[in-house]
Amino acid sequence: MSILEKITEMRVARHWSEYQLAEKSGLTQSTISSWYRKDMVPSIPSLTKICDAFGITLSQFFLDDTNEVALLSKPQLELIDAASKLDEAQYEALVHFLRAL
């Protein structure tokens with residue numbers, strides 16, 4: 001999968017438009033659009049901004065899909081860690097609460 005394909009996949013998974021990605025990353029929409037029009041690879045500083053918008057690191061971006069845990073953000077990992085320390089009743093209550101949101 002190319003870098004642009006991965007950016008697109010991650011953007012679509014979040015239901016973000018290119019404009020929303022631009023806003024969240026601090027890049028211009030024209031910059032992001034030009035990558036696709038010209039089939040260009042973003043610079044490392046631009047890709048870092050994209051990763052920041054997605055809440056991941058550059059190393060997480062480049063991991064293959066076989067290690068999905070590594071793609072989780074720090075807050076997601078903290079939530080999993082906290083949930084793993086709950087007893088069964090507490091865990092079920094947490095799941096019920098989250099589903100109700």
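This is a predicted model: local features need pLDDT of at least 70, side-chain atom pairs count only at pLDDT 80 or more; totals for chains, interfaces and linings use all residues.
## An exposed loop residue

At 70% relative accessibility, H15 lies above the 50% cut-off and therefore counts as exposed. H15 belongs to the loop between helix 1 and helix 2. Its backbone also deserves a glance: phi of H15 is near 60 degrees, a positive value in a residue other than glycine. Most residues other than glycine have a negative phi.

You will find D39 in the loop between helix 3 (29-37) and helix 4. With a relative accessibility of 65%, D39 counts as exposed.

## Aromatic pairs

A pair of aromatic rings is described by the distance of the centres and the angle of the planes. The count here comes to two aromatic pairs. In one of them, W16 and F54 are stacked, with 5.4 Å from centre to centre and 20 degrees between the planes. This pair links distant parts of the chain: W16 sits in the loop between helix 1 (3-13) and helix 2 (18-25), while F54 is in helix 4 (residues 44-54), 38 residues apart. Both W16 and F54 are buried.

F61 and F62 make an edge-to-face pair, because their planes stand at 85 degrees, with the ring centres 5.1 Å apart. How accessible is each partner? F61 has 1% relative accessibility and so counts as buried, whereas F62, with a relative accessible area of 47%, is partly exposed.

## Charges over rings

Now look at what lies over some of these rings. The charged end of K6 sits over the ring of F61, 5.5 Å from the ring centre. R14 lies over the face of W16, and here the distance to the ring centre is 5.8 Å.

## A buried loop residue

S73 is in the loop between helix 5 (58-62) and helix 6 (74-84). Is S73 buried or exposed? Its relative accessibility is 12%, so S73 counts as buried. S73 and I56 are 17 residues apart in sequence, and their C-alpha atoms are 5.6 Å apart in space.

## A nonpolar patch on the surface

To finish the tour, turn to the surface. L79, F97, L98 and L101 form a nonpolar patch there, and together they have about 440 Å² of accessible area. F97, one of these residues, is placed in helix 7 (residues 88-100).

How values were computed: Residues are numbered from 1 along each chain as its sequence is written. Side-chain values use heavy atoms; hydrogens and water are left out. Patches are made of residues with over 30% relative accessible area and no salt bridge: like charges are joined within 9 Å, nonpolar side chains (Val, Leu, Ile, Met, Phe, Trp, Tyr) within 5 Å. Accessible areas come from the Shrake-Rupley method with a 1.4 Å probe; for residues, only the protein chains shown count as cover. A salt bridge is a side-chain nitrogen of Lys or Arg within 4 Å of a carboxyl oxygen of Asp or Glu. Helices (H or I, at least four residues) and strands (E, at least two) are DSSP runs, numbered from the N terminus. Rings of Phe, Tyr and Trp (its six-membered ring) pair if their centres lie within 6.5 Å; planes under 30 degrees apart count as stacked, over 60 as edge-to-face and the rest as tilted. Buried means under 20% relative accessible area, exposed over 50%, partly exposed in between (1.4 Å probe, protein chains only). A charge sits over a ring if NZ of Lys or CZ of Arg is within 6 Å of the ring centre and within 35 degrees of the ring normal.
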